[in-house]
Amino acid sequence: MDNLKRCYIMGLPNAGKTTYLAALWYSLNNASMQNRIKLNTIGNAKYLADLSKRWVNADQLDRTKLGYEETEISIDIIDENKNIFNLRFPDFSGETFQNQYEKREISDELVEYIRSADGILMFINVNDIKGITFITDMPNDSIPLQDKAEMGERNYPVRNPKQDDPIQIQVIELLQFVKLIKNNKVSNLGIVLSAWDLTKNLKVKLTPEEYIKKEMNMLWQFLKSNNIFLTSFWGVSAQGGELESRDDLLNIDEPMKRIVVESNCGEISHDITLPIYKVVGGENVE
Ligand SMILES: Nc1nc2c(ncn2[C@@H]2O[C@H](COP(=O)(O)OP(=O)(O)OP(=O)(O)O)[C@@H](O)[C@H]2O)c(=O)[nH]1
Ligand SMILES: [Mg+2]
């Protein structure tokens, strides 16, 4: 393993990116429990320390705003084999990605992040995945523009791509950017289903990949048919549960035990470093 690894974190607004970083920082600084990778030194510590303090208190984190993004986050970590490597990953606002989707434009800075990334984590909040509805079952005023046009109706509402387009379509488009920028080179991708705790009451237990297959079938097919992506699937609860149950979260003696990371083969742990370790080239992680 060379000693500079870059992990690029992507995800639409509300995808769970910042919460993940807050939990990661806490985990790396309090590695009393067994993590696959451990902290060596950390850059931009204040931003992460502030986030992590609020995470420990189970306070709502602020949305990351355009223009206030922290792009210089750098953590030196050491793995089980004593490889020390420097991880860089920016905390971008979800709006950055959504603007990229809507305008089909990307800044030189983001192109460089993608080109140089050893691994990419794409966050999707399970709470934001909307079920599939047939057009015939939809209320009239929610039928998208082009469908109404096809039905010959006038005065239809104007489509707002950020709000109206399904999340999986937006995610696929963002991955198409990656594919193009990477020039179809094989790339490590981790799909992180955040707020995974919200799935625990499902009647039928699904693995993270089965969940994507069922709820975001087009994205699943895209990943299966584009084998340039070496994809791993993760269910991650970085917050540990809903903030409405804050007291339950605070009652857990060690905050790291709130974290749940489920790999695709059903392995469950509190080790939030696993998805990063996997996508930047770590071995023996499913
Ligand atoms: N139930 C539950 N909710 C979570 C979890 N992680 C994050 N959330 C919620 O998801 C929402 C979005 O989390 P953020 O981490 O701010 O998402 P983000 O991707 O940084 O969003 P932007 O900054 O807007 O791009 C917040 O309301 C969190 O409380 C989790 O593990 N469980
Ligand atoms: Mg954020």
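## The second largest pocket

The second largest pocket holds about 650 Å³ of space. A pocket is found on a 1 Å grid over the protein atoms alone, as an open set of points with protein on both sides within 12 Å along at least five of seven lines, whereas a cavity is a set of points where a 1.4 Å probe fits but cannot get out; lining residues have an atom within 4 Å of a point. Grid points are joined across faces, edges and corners, and the volume is the space filled by probe spheres set on the points. There are 33 lining residues, and those closest to the centre of this pocket are Asn14, Gly16, Thr19, Gln60 and Asn125. Two or more lining residues come from each of α1, α3 (94-103), β5 (119-125) and β7. Helix α1 gives the most, with 4 residues. Helices (H or I, at least four residues) and strands (E, at least two) are DSSP runs, numbered from the N terminus.

By class, the lining of the second largest pocket consists of 11 nonpolar, 14 polar and 8 charged residues. Here Ala, Val, Leu, Ile, Met, Phe, Trp, Tyr, Cys and Pro count as nonpolar, Asp, Glu, Lys and Arg as charged, and the others, Gly among them, as polar.

## Basis of the model

The model is predicted, with local features needing pLDDT of at least 70 and side-chain atom pairs counted only at pLDDT 80 or more, while totals for chains, interfaces and linings use all residues. Residues are numbered from 1 along each chain as its sequence is written, chains are lettered from A and ligands numbered from 1 in the order in which they are written, and side-chain values use heavy atoms, with hydrogens and water left out.

Helix α1 covers residues 17-29, and its 13 residues should span 18 Å at 1.5 Å a residue; the end C-alpha atoms are 19 Å apart, which agrees. The expected span is 1.5 Å times one less than the number of residues. Buried means under 20% relative accessible area, exposed over 50%, and partly exposed in between (1.4 Å probe, protein chains only). The buried residues of α1 include Lys17, Tyr20, Trp25 and Leu28.

Which protein atoms are the donors of the magnesium ion (ligand 2)? They are OG1 of Thr18 and OG1 of Thr64, lying 2.0 Å from the ion. Threonine 18 belongs to helix α1 and threonine 64 to the loop between α2 (45-56) and β3 (74-79), so the pair ties together parts that are 46 residues apart in sequence. Donors are N, O and S atoms within 2.8 Å of the metal (3.2 Å for Na, K and Ca); water is not among the atoms, so sites may look incomplete. Both threonine 18 and threonine 64 are buried.

Strands β5 and β6 run parallel and are joined by 7 bridges, with valine 192 of β6 as the bridge partner of phenylalanine 123. Two strands pair if DSSP finds at least two bridges between them. Strand β6 (residues 187-194) also pairs with β7 in the parallel sense, over 8 bridges. Across that pairing, isoleucine 191 stands opposite phenylalanine 233, and serine 194 has valine 236 as its bridge partner.

On to β8 (residues 260-263), the sense is antiparallel, with 4 bridges joining this strand to β7. Glycine 235 has glutamate 262 of β8 as its bridge partner. In β6, 7 of the 8 residues are buried. Strand β7 (residues 229-237) has 7 of 9 residues buried, so this strand is largely enclosed by the rest of the structure.

Helix α7 (residues 167-181) has 15 residues, which should span 21 Å at 1.5 Å a residue, and its end C-alpha atoms are 21 Å apart, which agrees. Among its buried residues are Gln168, Glu173, Leu174 and Phe177.

Lysine 53, in helix α2, is exposed, with a relative accessible area of 56%.

## Positive phi angles

Most residues other than glycine have a negative phi. Asparagine 14 has a positive phi near 75°. This asparagine 14 sits in the loop between β1 (4-11) and α1 and is partly exposed at 37% relative accessibility. Alanine 195, in the loop between β6 and α8 (208-215), has a positive phi of about 55°. Asparagine 183, which follows α7, has a positive phi near 55°.
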